[in-house]
Amino acid sequence: MVIVMEENATEEEVRNVIKKVEEVGFKAHPDKGENHTIVGVVGEGDREYILSNIETFPGVERVVEITQPFKLASRTFKSKDSIYDIGGIKIGGENFLTIAGPCAVESKEQVLETALFLKEKGVKFLRGGAYKPRTSPYSFQGLKEEGLKILKEVSEETGLKIVTEVMDTREVELVSRYADVLQIGTRNMQNFALLKEVGKLNKPVLLKRGLSATYKEFLMSAEYIISEGNNQVILCERGIRTFTDETRNTLDISAIPVIKRYSHLPIIIDPSHASGDWRYVAPLSKAAVAAGADGLIIEVHPDPKNALSDGKQSLNFEQFSELMDQIKALLEIDSKILA
Ligand code: PEP
Ligand code: MN
């Protein structure tokens, strides 16, 4: 359920409602919107009481039932798009987020060279994995803490914000000290212990869709994070497993309008992992912009053929540069703001 407070409800009235919600057994999730404060009511408690009595409380406008299993992630809970402020940069709504960088952190030189190039192109978020989920245990697993330190140094030198993956609950504290946005990878979309752990942070989480996850499962994973108190979730469609074997995965472009219909969370597209081939990254990126995505995460490497991971799908600087110009032109048509 969601309790919609009146426009002029006082803080005390909101506090009283929260107190009552918790007294009857639920967890309360207040969200201060532009016009109304809303209070999400989740968990187990006395539903009948809330449905029949809470509207008599001062400051309460109405109570609405949320029929979807994902509550706090749903549009019923929050009708307007969620917008986050990450160090002065706005994400979601009319803002378009571009995250770019190598698949993996390989060396300081590699990351710095990429970051300086991206900065010149107007990109504000740098991606790079220090902990890499690889299909084979014999593949490069990432530089781990050394990689995080490189990211931090480069961030300090360039001002770019860092997006990096956390794979294990035991590393959440460490990775969150270095990252501006924590990435939860595809393979961990249903690692509920990890979702709960990042849910306790006050830091945006980029949640990638599982290889064969339905929209409902995807949004339920977001719900795990939000229900722990962290409402800054950015969803990422990165291709799903289908019978098509020419591309690494199949980009599910429908995810954009469908997720936007049911949820207020921003959704961005990863065309690199979706296609597995640099040739398809530009067309898929443009399709994503046209379909209303809130951003892109693209793999870029100074020397893709010598990359330690995912070189085949990484753009070189020239290719990325050309793509950014096309994206900027498309964003103008959509009157979106490049974040
Ligand atoms: C990545 O972004 O480097 C990555 C491993 O992505 P995914 O979890 O989508 O495979
Ligand atoms: Mn990769």
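**Close-up views of a predicted model**

**View 1. Contact between helices α7 and α8.** Tyr-215, Phe-218 and Leu-219 of α7 meet Ala-255, Val-258, Ile-259 and Tyr-262 of α8 (contact means heavy atoms within 4.5 Å; helices are DSSP runs of H or I with at least four residues, strands are runs of E with at least two, and both are numbered from the N terminus). The residues of this contact divide into seven nonpolar, no polar and no charged (Ala, Val, Leu, Ile, Met, Phe, Trp, Tyr, Cys and Pro count as nonpolar, Asp, Glu, Lys and Arg as charged, and the others, Gly among them, as polar). The model is predicted: local features need pLDDT of at least 70, side-chain atom pairs count only at pLDDT 80 or more, and totals for chains, interfaces and linings use all residues. Residues are numbered from 1 along each chain as its sequence is written, chains are lettered from A and ligands numbered from 1 in the order in which they are written, and side-chain values use heavy atoms, with hydrogens and water left out.

**View 2. Packing angle of α7 and α8.** Helix α7 (residues 215–227) packs with α8 at an angle of about 55°, and their axes are 11 Å apart (axes are lines fitted to C-alpha atoms, for helices over the stretch in contact, and angles run from 0 to 180 degrees between N-to-C directions). The two helices α7 and α8 are therefore oblique to each other (angles under 35 degrees count as roughly parallel, over 145 as roughly antiparallel, 65 to 115 as roughly perpendicular and the rest as oblique).

**View 3. Helices α3 and α11.** The axes of α3 (residues 108–120) and α11 (residues 317–333) come within 11 Å and cross at roughly 25°. That makes α3 roughly parallel to α11. Glu-113, Thr-114, Phe-117 and Leu-118 in α3 meet Phe-317, Phe-320 and Ser-321 in α11. Four nonpolar, two polar and one charged residue make up this contact.

**View 4. The manganese ion (ligand 2).** Its protein donors are Cys-103 (SG), His-273 (NE2), Glu-299 (OE) and Asp-310 (OD), at 2.0 to 2.4 Å (donors are N, O and S atoms within 2.8 Å of the metal, or 3.2 Å for Na, K and Ca; water is not among the atoms, so sites may look incomplete). Glu-299 lies in strand β14 (residues 295–299) and Asp-310 in the loop between β14 and α11. Both Glu-299 and Asp-310 are buried (under 20% relative accessible area; exposed is over 50%, and partly exposed in between, with a 1.4 Å probe and protein chains only).

**View 5. Surroundings of Arg-248.** Arg-248 is in the loop between β12 (233–237) and α8 (255–262). Arg-248 counts as partly exposed because its relative accessibility is 36%. Leaving aside neighbours within four places in sequence, its contacts include His-273, Gly-276 and Asp-310.
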